[in-house]
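Visitor: I am new to protein models and would like a close look at one part. Please start with the charged side chains, then lead me on from there.

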Amino acid sequence: MRTRVTLAAVSGALALSALALPAAQADEEPADITVTNVVANDGKPIVMNGTGYKRVTVTMTVTAAAGVEEADATLWTGGVMPPSPDDLDGLNWPDMAEARTPDGLLDCTEVNATTATCGATFVLRPQRWEGGGFDTFVTVTDKNGGTYQNVNVKSFTYKRHSIVRLDASPEPVRKGGTITVRGKLTTAGYPYSYGYVPVAAQNVTLQFKKAGTSTWATLKTVKSNRDGALRTTTTATYDGYYRFSYPGDHRNAPAVSVADHVDVR
């Protein structure tokens, strides 16, 4: 048995309190209906770039003593309750981070008389999403008409994609000489613009790996300026590779630059 189940995603940027569901409707959990094993993006943080769409697979296990009839699932973010997934069709909310599966439906496959596994792919758009998390609003109906509804059975982290670049010079350099390392830290620019924008006041570590080895050692920490630029110096000791490593923060994903080899003579 395969059940077609509605799936959609919206942003809490829709600040219309009239759409908030009554408390009883928003959190109904009959003991004989459960939703478990809710996983998005294979359990990894969702990293959104600023230039296009992000496809994210969401799966879950649905169990109902009377058997699973249908289910709705909505990803949403922000402080306002989303409308019912059934109310999303045909609406045009250009200021929202609206997202849907390609056909608007989620497939559920029956495992046995009481359990089904459900999954689909959201197509997420970065507009208005600055970084934070998604909540998962799920409604399940069993074959006796019983209903389970929970505004958040699982939360997922999402962050903006980051890029850090590095260039070390001069190349080659004499042993004991000074190496100047420059770089830049940028991140996806939504919700204000597409493309990538500088990230200021972020700590980035300069790391070195001696040629012929596999271990990276941290040399120092560098802070990006208001233009996202990074600049520091170090002393040339051995042939090897330099890179910048950015740990990320609550909005921006971690990033590591391409390593730059410097020949020491």
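How many salt bridges does the count come to by this rule?

Guide: The count comes to two salt bridges. A salt bridge here is a side-chain nitrogen of Lys or Arg within 4 Å of a carboxyl oxygen of Asp or Glu. First, some ground rules. This is a predicted model, where local features need pLDDT of at least 70 and side-chain atom pairs count only at pLDDT 80 or more, while totals for chains, interfaces and linings use all residues. Residues are numbered from 1 along each chain as its sequence is written, and side-chain values use heavy atoms, leaving out hydrogens and water.

Take K143 and E110. Their closest N and O atoms are 3.9 Å apart. This pair links distant parts of the chain, 33 residues apart. K143 sits in the loop between strand 9 (132–142) and strand 10 (147–150), and E110 in strand 7 (residues 99–110). Strands are DSSP runs of E, at least two residues long, numbered from the N terminus. K143 has 44% relative accessibility, so it counts as partly exposed. E110 has 31%, so it too is partly exposed. The labels go by relative accessible area: buried is under 20%, exposed over 50%, partly exposed in between, with a 1.4 Å probe and protein chains only.

Now the other salt bridge. R265 pairs with D263, with the closest N and O atoms 3.0 Å apart. R265 is exposed because its relative accessible area is 66%. D263, at 24%, is partly exposed.

Charges also meet rings. K210 lies over the face of Y238, 4.2 Å from the ring centre. R243 lies over the face of W216, at 4.1 Å. The test is NZ of Lys or CZ of Arg within 6 Å of the ring centre and within 35 degrees of the ring normal.

The structure holds one aromatic pair. The rings of F208 and Y242 have centres 4.8 Å apart and planes at 45°, so the pair is tilted. F208 is in strand 15 (residues 203–210) and Y242 in strand 18 (residues 240–246), 34 residues apart. Both are buried. To pair, rings of Phe, Tyr and Trp (its six-membered ring) need centres within 6.5 Å; planes under 30 degrees apart count as stacked, over 60 as edge-to-face, the rest as tilted.

Next, the interior. A nonpolar core is a set of buried Ala, Val, Leu, Ile, Met, Phe, Trp, Tyr and Cys residues joined through side-chain atoms within 4.5 Å. The largest has 28 residues, and V35, I46, M60 and V140 touch the most other members. Strand 5 (54–64) is among the strands that each supply at least two. Strand 5 gives the largest share, five residues. A second, separate core of 20 residues includes V164, V173, A236 and Y242.

Eight bridges join strand 12 to strand 13 (residues 178–188), and the two run antiparallel. L166 has G183 as its bridge partner. DSSP must find at least two bridges for strands to pair.

Finish at T180, in strand 13. T180 counts as buried because its relative accessibility is 14%. Leaving aside neighbours within four places in sequence, its contacts (heavy atoms within 4.5 Å) include D167, A168 and R231.

How values were computed
Helices (H or I, at least four residues) and strands (E, at least two) are DSSP runs, numbered from the N terminus.
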